[in-house]
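Biologist: Can we go through the pockets and then the ligand site? Keep it short.

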Amino acid sequence: MQLKCENLNFKYADKWILKDVNLSLNSGEVLGLIGDSGSGKSTLCKILASYHHNYNGLVTIDGKKIPSKGYKPVQLIYQHPEKAVNPKWKMKDILNEGYDVPQDLLDSFGIKKNWFNRWPNELSGGELQRFALVRALGPKTKFLIADEITTMVDAITQAQIWDTILDISKKLNIGVLVVSHDKNLIKKVCSDVVYLNDINNI
Ligand SMILES: Nc1ncnc2c1ncn2[C@@H]1O[C@H](COP(=O)(O)OP(=O)(O)OP(=O)(O)O)[C@@H](O)[C@H]1O
Ligand SMILES: [Mg+2]
């Protein structure tokens with residue numbers, strides 16, 4: 001499968017952020033995206049994951065528009081997982097909202113049983129991010145957009161989390177877009193890298 005954006009144009013109010021952006025991501029591919037702060041990486045991520053709809057251009061999977069209803073085949077993980085969860089729900093409810101998560105997936109991310117009864121604000125950023133990842137890696141997920149997802153953890157935890165993501169995405173043949181300012185991380189986990197400034201005709 002291929003996730004693709006073609007001639008993508010997007011503006012906030014009257015400020016253009018993206019102009020004539022073309023990008024494609026294949027199943028099983030791990031592609032890096034680098035760009036200056038404020039250059040539009042997160043905006044592009046949100047468009048690819050169907051969070052913004054008021055763009056010009058095409059966003060498709062295998063040439064077809066992505067349905068706006070139902071499970072999102074392109075899942076977005078943010079830098080701040082606390083913004084992606086309902087603070088009034090316990091972790092077990094947040095986790096089981098989407099699908100029946102298999103135990104081996106929880107184990108592979110090192111998610112502990114005693115975290116289940118906690119509220120989101122009773123977990124560290126890295127612990128909460130593991131839940132967000134498990135929730136996003138459901139059986140219907142085809143592409144994962146990872147927008148600075150391990151910025152809040154130490155180097156060892158970062159390596160563990162990425163080892164697990166790479167392992168699972170390979171097994172499930174998921175395409176991954178890795179947005180990061182950390183060039184070493186991109187070099188380590190990605191087979192190719194795109195610079196937003198090079199593909200953005202702003
Ligand atoms: N909801 C919004 N309304 C208006 N402007 C916005 C909105 N969200 C982002 N912007 C602006 O759009 C530009 C691109 O923001 P974006 O978050 O996509 O950048 P980024 O490349 O992800 O930056 P960073 O590396 O700092 O995360 C910035 O100038 C930002 O101020
Ligand atoms: Mg960003």
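Biologist: Which element gives the largest share of the lining of the largest pocket?

Modeller: H4, with four residues. This is a predicted model, where local features need pLDDT of at least 70, side-chain atom pairs count only at pLDDT 80 or more, and totals for chains, interfaces and linings use all residues. Residues are numbered from 1 along each chain as its sequence is written, chains are lettered from A and ligands numbered from 1 in the order in which they are written, and side-chain values use heavy atoms, with hydrogens and water left out.

Biologist: Which elements give two or more residues to that lining?

Modeller: The largest pocket is lined by 15 residues. Strand E6 (74-77) and helix H4 (125-136) each give two or more of them. Helices (H or I, at least four residues) and strands (E, at least two) are DSSP runs, numbered from the N terminus.

Biologist: Which residues lie nearest its centre?

Modeller: Tyr51, Gln75, Leu76, Arg135 and Ala136. By class, the lining has eight nonpolar, four polar and three charged residues. Ala, Val, Leu, Ile, Met, Phe, Trp, Tyr, Cys and Pro count as nonpolar, Asp, Glu, Lys and Arg as charged, and the others, Gly among them, as polar.

Biologist: What volume does the largest pocket have?

Modeller: About 340 Å³. A pocket here is an open set of points on a 1 Å grid over the protein atoms alone, where a 1.4 Å probe fits, with protein on both sides within 12 Å along at least five of seven lines; lining residues have an atom within 4 Å of a point. The volume is the space filled by probe spheres set on the points.

Biologist: And the second largest pocket, how much space lies in it?

Modeller: About 220 Å³. Its lining includes Tyr99, Asp104, Leu137 and Lys171. H5 gives the most, with four residues.

Biologist: Now the ligand. Which residues are closest to ligand 1?

Modeller: Ser37, Gly38, Lys41, Ser42 and Thr43, out of 13 that surround ligand 1 (a heavy atom within 4 Å).

Biologist: Which atoms of Thr43 and Ser39 lie by the ligand's oxygen atoms?

Modeller: For Thr43, a polar side-chain atom lies 2.6 Å from an oxygen atom of ligand 1. For Ser39, a backbone N or O atom lies 3.2 Å from an oxygen atom of ligand 1.

Biologist: Which element gives the largest share of the shell?

Modeller: H1, with three residues. The shell has two nonpolar, seven polar and four charged residues.

Terms used
A polar contact is a pair of N or O atoms within 3.5 Å; within protein, one must be able to donate a hydrogen and the other to accept it, and residues adjacent in sequence count only if both atoms are side-chain atoms.
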